[in-house]
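User: I have a structure open and would like to know what stands behind the labels used for it. Please go through them with me.

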Amino acid sequence: MSQSIGYDQTALRNAVDVAAAARRLRQLGRERSLAAVSERAWLLESIGRLDDALVAANEAVTLARASGSRDRVAEARLLRASVIQTRGDLDAALRECTALIAESRANDWVELWAHALQQRGTVHFALRQWHEACLDFTVAVELCREAGLEAAQLEAAEIALMVATDRAQTEALRAEQDVPRARHPLWGGR
């Protein structure tokens with residue numbers, strides 16, 4: 001999407017050009033195709049209009065169900081999970097991503113599987129569950145490579161893995177430094 005201007009390494013999300021996103025929203029108007037409604041949900045989420053984004057994401061799930069395509073329903077549910085995460089309901093987002101991972105794995109929808117793992121990894125990241133985030137990002141990177149998915153998705157997964165690994169190591173060092181150590185009553189020290 002042309003509104004994306006990169007990848008925010010602190011939030012592990014696409015960074016967007018807000019003005020371009022607003023222009024695109026105006027262009028979309030009230031178009032009701034699945035693609036348009038999904039894009040509208042993504043754009044609304046990206047610019048922080050989360051209530052409207054959730055309405056659009058729910059509408060995308062409804063339209064996908066009407067299409068009869070199970071993989072489209074799963075894609076729309078993943079979009080909704082992203083919106084739910086951004087709204088702060090991390091437990092619900094985690095449950096939805098976990099269900100989507102199981103479904104996409106069972107159906108061999110490799111690209112969706114990788115996306116769902118990466119999304120769940122960002123939820124773990126937001127919950128400061130570094131180890132779990134690293135596991136999800138690692139599998140997402142492996143799936144992207146094995147399936148030859150687009151370079152942008154692979155790069156995002158690799159960056160997310162690198163950032164989560166750094167956070168995990170930093171937290172481990174902090175925890176190690178915060179461990180109370182015995183001091184000798186006369187000489188101090190350790």
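Analyst: One term first: two residues are in contact when heavy atoms of theirs lie within 4.5 Å. By that rule, and leaving out residues up to four places away in sequence, Val-83 touches Glu-45, Leu-50, Ala-53, Leu-54 and Ala-57. Note that this is a predicted model.

User: What is the order of the elements, from the N terminus on?

Analyst: The order is β-β-α-α-α-α-α-α-α-α, that is, two strands and eight helices. The protein has 190 residues, of which 42% count as buried. Among its contacts with a separation of 6 or more, 50% are between residues 24 or more positions apart.

User: Why does Cys-134 count as buried?

Analyst: Buried means under 20% relative accessible area. Cys-134 has 13% relative accessibility, so Cys-134 counts as buried. Cys-144, with a relative accessible area of 2%, is buried because that value also falls under 20%.

User: How many disulfides does a search of the whole structure find?

Analyst: The search finds zero. A disulfide would need a pair of cysteine sulfur atoms within 2.5 Å.

User: Leu-149 is in a loop. Why does Leu-149 count as buried?

Analyst: The loop in question lies between α7 (130–147) and α8 (151–178). The relative accessibility of Leu-149 is 17%, and the limit is 20%, so Leu-149 counts as buried. Not counting residues up to four places away in sequence, Leu-149 touches Glu-111, Ala-114, Leu-143 and Cys-144. Ala-114 is 35 residues from Leu-149 in sequence, with 9.2 Å from C-alpha to C-alpha.

User: Which residues of α1 are buried, and what puts them on the same side of the helix?

Analyst: In α1 (residues 18–28), Ala-20, Ala-21, Leu-25 and Leu-28 are buried. They cover an arc of only 140 degrees around the axis, and therefore lie on the same side of α1. The buried residues of α1 pack against α2 (34–46). Arg-26 and Gln-27, on the other side of α1, are exposed.

User: How do you know that Asp-17 caps the N-terminal end of α1?

Analyst: A side-chain oxygen of Asp-17 lies 3.1 Å from the backbone nitrogen of Ala-19. The cut-off for a polar contact is 3.5 Å, so this pair of atoms qualifies. Just after α1, Gly-29 takes a positive phi of about 55 degrees.

User: How many aromatic pairs does the search of the whole structure find, and what makes Phe-125 and Trp-130 edge-to-face?

Analyst: The search finds one aromatic pair. Phe-125 and Trp-130 are 5.1 Å apart, centre to centre, with 70 degrees between the planes. Phe-125 and Trp-130 are buried.

User: Which residues have the most contacts inside the largest nonpolar core?

Analyst: They are Ala-41, Trp-42, Leu-43, Leu-44, Val-83, Ile-84 and Val-123, in a core of 21 residues. The elements that give two or more residues to this core are α1, α2, α3 (50–67), α4 (70–86) and α5 (90–106). The largest share, five residues, comes from α2. A second, separate core has 19 residues, including Leu-100, Trp-109, Ala-116 and Ala-140.

Key:
Residues are numbered from 1 along each chain as its sequence is written. This is a predicted model: local features need pLDDT of at least 70, side-chain atom pairs count only at pLDDT 80 or more; totals for chains, interfaces and linings use all residues. Side-chain values use heavy atoms; hydrogens and water are left out. Buried means under 20% relative accessible area, exposed over 50%, partly exposed in between (1.4 Å probe, protein chains only). Helices (H or I, at least four residues) and strands (E, at least two) are DSSP runs, numbered from the N terminus. The arc is that of the directions from the helix axis to the C-beta atoms. A polar contact is a pair of N or O atoms within 3.5 Å; within protein, one must be able to donate a hydrogen and the other to accept it, and residues adjacent in sequence count only if both atoms are side-chain atoms. Rings of Phe, Tyr and Trp (its six-membered ring) pair if their centres lie within 6.5 Å; planes under 30 degrees apart count as stacked, over 60 as edge-to-face and the rest as tilted. A nonpolar core is a set of buried Ala, Val, Leu, Ile, Met, Phe, Trp, Tyr and Cys residues joined through side-chain atoms within 4.5 Å.
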